[in-house]
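Please load the model and keep a selection tool ready. The tour moves from one selection to the next and states what each one shows.

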Amino acid sequence: MGNLKFAYWVPNVSGGLVVSKLPQQTDWSFEANKRYAQIAEDSNYDLALLQTRFFASYGAEYQLEAITLASALAAVTDRLQLISAVHPGLWHPAVYAKMLSTLDQISGGRAAVNVVSGWFKQEFTGFGEPWLEHDERYRRSEEFIRVLREFWTKEKAAFSGDFYKINDAPSKPKPVQGGNLPIFQGGNSTAAKQMAARVSDYYFMNGNTLEGFQKQINEVRELAQQEGREVKFAAHGFAIVRDSEEEAYQQLNDIVHAADDEAVEGFKQSVKEAGQSTQDRQGMWANSSYKDLVQYNDGFKTGLIGTAEQVANQIIELKKIGVDLILTAHFHYEQDLERFGKEVIPLVKEKEAKLKAEGVLA
Ligand SMILES: Cc1cc2nc3c(=O)[nH]c(=O)nc-3n(C[C@H](O)[C@H](O)[C@H](O)COP(=O)(O)O)c2cc1C
């Protein structure tokens, strides 16, 4: 198993990464995101994730489009890998394959993609596009991923599916990474796990407890084994690192106390379209409490809250259960991203090296 990698959520939407009215020093503009990306790169981060959002859910009234911003960030960074999220259904995979190979060329092999199957019905109906039933959305996403790889690996792409037909289509240049351009995907539903096992490189997980993560990892790993594949695991957490545990939890309480009730309630209604709408009712946000939803990816649950030492220890526990990549979100991006990167990441690396030397970690 390789060393843990670290990614951060790019705040490319307004309101930051929490649904709270507590004033925060986080801005969605390009200028701010340029600064955050450079801070991240200088603070031991490996990757950045840009979300795809078109309508204001969870108070995110302004949104910058993911791959457009990723291209601009590629030009002002040297090392960060840029993961752009995309909605199949709103983009054609042939067009998106070309956009990703373009970004991979611009960035010298730093493009990656997060294929999002969707839960936000209004974004589709508002654009006049059909809103497919839950598992159909995943069937379409799987075809989308297969088409991407077809374009990246074949001289002429050809594909015949229920959603996409590609007829001997050329695509040059290929991505610098070729067919290895990393494909990420999230979702807690049965369909999401099956799709990850079949076609994704990384399975993204919303915030969770150690037990919750372990269960997901075991399930997806077993499904992947049945397909003769290996999938890597990425765990999200909202990080609050302060001088003392009390201070960190005080910050959390303040965020939750100032929650934007109306936006949380609206979000709660929208996510009923996710895995909750399927027969087995498994899915993202299916068991989320009001407090969980104040961080819209359940990030408080992961417990990256406390002193740098405490947070590093929790990350080591995640590593022990099979997590390959930690995805962090922050409150005051300007300071918190740097603090996490400069204080927590080196501590984790130290602990990892020690445990490897002792044979505790592979
Ligand atoms: C780390 C992570 C990032 C995600 N990013 C986005 C995003 O940018 N936009 C979006 O609409 N959904 C995003 N999702 C949601 C999922 O891709 C998927 O649509 C949702 O999990 C519904 O899953 P389910 O129906 O399988 O429960 C993300 C999920 C995770 C775990």
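**Stop 1: helix 2 and helix 3**

Begin by selecting Ile67, Ala70, Ser71, Ala74 and Ala75 in helix 2, which meet Met99, Leu103, Ile106 and Ser107 in helix 3. By class, this contact of helix 2 with helix 3 comprises 7 nonpolar and 2 polar residues and no charged ones. The model is a predicted one. Now show the two axes: helix 2 packs against helix 3 (residues 93–107) at an angle of about 15 degrees, and the axes are 9 Å apart. An angle under 35 degrees counts as roughly parallel, and helix 2 is therefore roughly parallel to helix 3. The crossing of helix 2 past helix 3 is left-handed.

The phi angle of Tyr58 is near 35 degrees, a positive value in a residue other than glycine.

**Stop 2: helix 1 and helix 12**

Next, select residues 30–42, which form helix 1, together with residues 333–357, which form helix 12. Their axes come within 9 Å and cross at roughly 15 degrees. Helix 1 and helix 12 are therefore roughly parallel to each other. Viewed as a crossing, helix 1 passes helix 12 in the right-handed sense. On the helix 1 side, display Tyr36, Ile39 and Ala40; on the helix 12 side, display Tyr333, Leu337, Glu338 and Gly341, for these residues make the contact. The contact of helix 1 with helix 12 divides into 5 nonpolar residues, 1 polar and 1 charged.

**Stop 3: helix 5 and helix 6**

Move to helix 5 (residues 134–153) and helix 6 (residues 190–199), whose axes cross at roughly 15 degrees and come within 10 Å. Helix 5 is therefore roughly parallel to helix 6. Their crossing is right-handed. To see the contact, select His134, Asp135, Tyr138, Ser141, Glu142, Ile145 and Arg146 from helix 5, which meet Ala191, Ala192, Met195, Arg198 and Val199 from helix 6. How many nonpolar, polar and charged residues make up the contact of helix 5 with helix 6? The division is 6 nonpolar, 2 polar and 4 charged.

**Stop 4: a cis peptide bond**

Select Lys172 and Pro173 and inspect the peptide bond that joins them: the bond is cis, with omega near 0 degrees. Pro173 belongs to the loop between strand 6 (165–170) and strand 7 (183–185).

**Stop 5: the ligand shell**

Which residues are closest to the ligand? Select Gly186, Gly187, Ser189, Gly275 and Gly283, the closest of the 26 residues that surround the ligand. Colouring the shell by class gives 10 nonpolar, 15 polar and 1 charged residues.

**Stop 6: annotated spans**

An unreviewed entry lists residues 210–262 as "coiled-coil region". In the model, residues 210–262 are 60% helix and 17% strand, and the end C-alpha atoms of this span are 30 Å apart. The feature "domain: Luciferase-like" is placed by UniProt, again in an unreviewed entry, at residues 19–324. For residues 19–324, the composition is 43% helix and 14% strand, and the end C-alpha atoms lie 28 Å apart.

Note on methods
Residues numbered from 1 in each chain as written. Predicted model: local features only at pLDDT ≥ 70, side-chain atom pairs only at ≥ 80, totals over all residues. Near = placed C-beta within 6 Å. Nonpolar A, V, L, I, M, F, W, Y, C, P; charged D, E, K, R; others polar. UniProt positions renumbered as here; feature names shortened; annotations may be inferred. Helix = DSSP H or I, 4+ residues; strand = E, 2+ residues; numbered from the N terminus. Axes fitted to C-alpha atoms, helices over the stretch in contact; angles between N-to-C directions. Parallel < 35°, antiparallel > 145°, perpendicular 65-115°, else oblique. Left-handed = near helix turned anticlockwise from the far one by under 90°. Contact = placed C-beta atoms within 7 Å.
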